[in-house]
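Please look through the sequence and the structure shown here before reading on.

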Amino acid sequence: MEQKSMTKKKFVSESRVIMTELVLPNDTNTLNNLMGGRIMHWMDIGSAIAAQKHSNRIVVTASVDNISFGKPIQLGDVVTLESSVTRAFNSSMEVHVKVKAENIPGGKSEDTHSAFLTFVAVDQGGKPIDVPEAVPETDEEKELFAGALRRRQLRLILAKRMDPKEATELKSLFDLTNE
Ligand SMILES: CC(C)(COP(=O)(O)OP(=O)(O)OC[C@H]1O[C@@H](n2cnc3c(N)ncnc32)[C@H](O)[C@@H]1OP(=O)(O)O)[C@@H](O)C(=O)NCCC(=O)NCCS
C-alpha cells in the first residue's frame, strides 16, 4: 500500500495527550493491583484522543499491538499515559502510548509499559478518510516515525491484509540482521 499525497501536515507534538488517573479499589484485582483490562481501556481512550486531535475526525481502533505487563501497578498509584501519533499513513495513524506509575507519598515513579495502537479516521458513514501527515521533530519522534512503516507491515501481514512479499521495509530489516 503506497502512501497518498497529503496536503496538510501537523507536528507530532500538536496532538500529544497526557492523561492522568488514580487507581481506585474498583480498578484492582484481589491482589490490589490495577487490572489489565482497566489499563488497556485507559490506553485506548488516551491514544484515541491523540488520533482525533491529529485528524480532527472521528476515529476507530483498528488494532492494538502486543502489550506485556512486566510490573504491577498498585492501588493508590497515579498513572500517567502519554499518547503520541508516531506516523500517519492514508486514513490510519499509529499511536505510541507510554505508561508511568507513581506512588506519590512513597516518592516512587517508574515506567511500566508501552504499546502501539492503530486508529482509522472515518467520516460520518464510517468510511475511512485521509488524514494529515505527522511531522516528527525530536530524536525520539524521528525514531518512532522511522520504525512505524516496519510495524505497519508486520501488523498488516498478521491481519492477513498484506502479502509478506510486499513488505519491503520488513525484508530490508531482516536482510540487515543477517549481515
Ligand atoms: C478499521 C476499519 C475502519 C477499516 O475499514 P476497511 O473497510 O477495512 O478499510 P480499508 O481496507 O480501506 O483500510 C483503511 C485503513 O485501515 C487500516 N487497517 C485496517 N485493518 C487494520 C488492522 N488490523 N491493523 C492496522 N491497520 C488496519 C488499513 O491499513 C488502512 O490504512 P491506510 O488508509 O492508512 O492505508 C474497519 O475495519 C472498522 O470499522 N473496524 C471496526 C473498528 C471498531 O469498531 N473498533 C473498535 C471500536 S472504536
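**A serine in a helix, and a ligand shell**

Ser-47 has its place in helix H1, which spans residues 36-55, where helices (H or I, at least four residues) and strands (E, at least two) are DSSP runs, numbered from the N terminus. This is a predicted model, in which local features need pLDDT of at least 70 and side-chain atom pairs count only at pLDDT 80 or more, while totals for chains, interfaces and linings use all residues. Residues are numbered from 1 along each chain as its sequence is written, and side-chain values use heavy atoms, with hydrogens and water left out.

**Ser-47**

- Ser-47 counts as buried because its relative accessibility is 0%, buried meaning under 20% relative accessible area (1.4 Å probe, protein chains only).
- Apart from neighbours within four places in sequence, Ser-47 is in contact (heavy atoms within 4.5 Å) with Ser-83, Val-95, Leu-117 and Phe-119.

**The shell around the ligand**

- Among the 17 residues around the ligand, those that come nearest are Thr-61, Asn-90, Ser-91, Ser-92 and Arg-161, and a residue is near a molecule if one of its heavy atoms lies within 4 Å of it.
- Strand S3 (58-64), strand S6 (108-122) and helix H2 (139-158) each supply at least two residues of this shell, and S3 gives the largest share, four residues.

**Atoms facing the ligand**

- A polar side-chain atom of Arg-161 lies 2.6 Å from an oxygen atom of the ligand, whereas for Asn-90 a polar backbone atom is 2.8 Å from a ligand oxygen atom.
- A backbone N or O atom of Thr-61 lies 2.9 Å from a nitrogen atom of the ligand.

How values were computed
Polar contact = N/O pair within 3.5 Å; in protein donor to acceptor, adjacent residues only side chain to side chain. Buried < 20%, exposed > 50% of the residue type's maximum accessible area, 1.4 Å probe, protein only.
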